[in-house]
Amino acid sequence: TEDERGNILSMLRTGGSYNWHGTYAAQWVGPVEQDFYTLSFRVKKASADGTGNIRLYLRTNQADHYIIIKGKTSGYAAHVDVTPTEEWTSVQYEFDFSQVVSTLYNATAEQITPSTDEQLSDIFLLFTSRGNDTEILIDDVVLERVKVFEPAPEEGDLLINGDFESVTSI
């Protein structure tokens with residue numbers, strides 16, 4: 001039950017037309033590195049009533065600069081919409097913190113640029129509730145670095161045993 005889960009983020013949007021600031025929750029992530037990170041969490045809607053969903057994205061400390069979802073090069077490159085069910089569901093997305101995009105909507109490849117240390121000094125995770133009269137519960141939110149970029153060697157041969165002295169038959 002929810003009582004056994006401990007602290008849970010509950011988002012309920014009631015009535016009126018949708019806007020992103022109607023119901024949202026933001027969490028400061030802090031300084032991060034230019035790397036890949038996995039965002040994972042559990043989500044459910046509290047009852048069968050309602051048809052809402054949540055949108056999530058990671059925003060830098062500069063207006064209109066968002067962390068992109070790994071592998072996205074255009075379109076909705078920075079946000080994800082999640083439609084919860086009545087059961088707890090684990091959700092996971094990978095973000096590329098080495099790049100930012102200047103819009104949440106209909107991005108072009110030209111709008112994706114390398115991130116800067118200044119942008120990565122303050123990152124915010126935002127959940128927005130989309131839909132009326134649906135209580136959405138979120139728990140176990142984790143942002144974890146998953147891959148460390150390794151710079152290419154500046155000099156030297158990249159081949160190992162490139163002289164073919166150690167040949168095995170196939």
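This chain has 1 helix and 10 strands, where helices (H or I, at least four residues) and strands (E, at least two) are DSSP runs numbered from the N terminus. Along the sequence the order is α-β-β-β-β-β-β-β-β-β-β.

A quick word on the source: this is a predicted model, in which local features need pLDDT of at least 70 and side-chain atom pairs count only at pLDDT 80 or more, while totals for chains, interfaces and linings use all residues. Residues are numbered from 1 along each chain as its sequence is written, and side-chain values use heavy atoms, leaving out hydrogens and water.

**Inside the fold**

Of the 170 residues, 35% are buried; buried means under 20% relative accessible area, exposed over 50%, and partly exposed in between (1.4 Å probe, protein chains only). Take contacts (heavy atoms within 4.5 Å) between residues at least 6 apart in sequence: 83% of them join residues at least 24 apart.

In soluble globular proteins, nonpolar side chains tend to be buried together. Here, the largest nonpolar core has 23 residues, and Phe41 and Phe97 have the most contacts inside it. Such a core is a set of buried Ala, Val, Leu, Ile, Met, Phe, Trp, Tyr and Cys residues joined through side-chain atoms within 4.5 Å. Elements giving two or more residues to this core include β3 (36–45), β7 (89–101) and β10 (134–147). Leaving aside residues up to four places away in sequence, Phe41 touches residues including Ile54, Leu56, Val82, Phe127 and Ile138. Apart from this core lies another, of 10 residues, among them Tyr66, Ile68, Ala77 and Ala107.

**Charged pairs**

Side chains of opposite charge can pair when their charged atoms come close. The whole structure holds 5 salt bridges, each a side-chain nitrogen of Lys or Arg within 4 Å of a carboxyl oxygen of Asp or Glu. The table shows some of them.

| Pair | Closest N and O atoms |
|---|---|
| Arg145 and Asp35 | 2.9 Å |
| Glu94 and Lys70 | 3.6 Å |
| Asp81 and Arg130 | 4.0 Å |

Arg145 sits in strand β10 and Asp35 in the loop between β2 (24–28) and β3, 110 residues apart. Asp35 is buried, at 0% relative accessible area, whereas Arg145 is partly exposed at 39% relative accessibility.

Glu94 lies in strand β7 and Lys70 in the loop between β5 and β6, so this pair ties together parts 24 residues apart in sequence. Glu94 is partly exposed at 26% relative accessibility, and Lys70 is partly exposed at 40%.

Asp81 in strand β6 and Arg130 in strand β9 are 49 residues apart. Arg55 joins Asp81 and Arg130 in a network of salt bridges.
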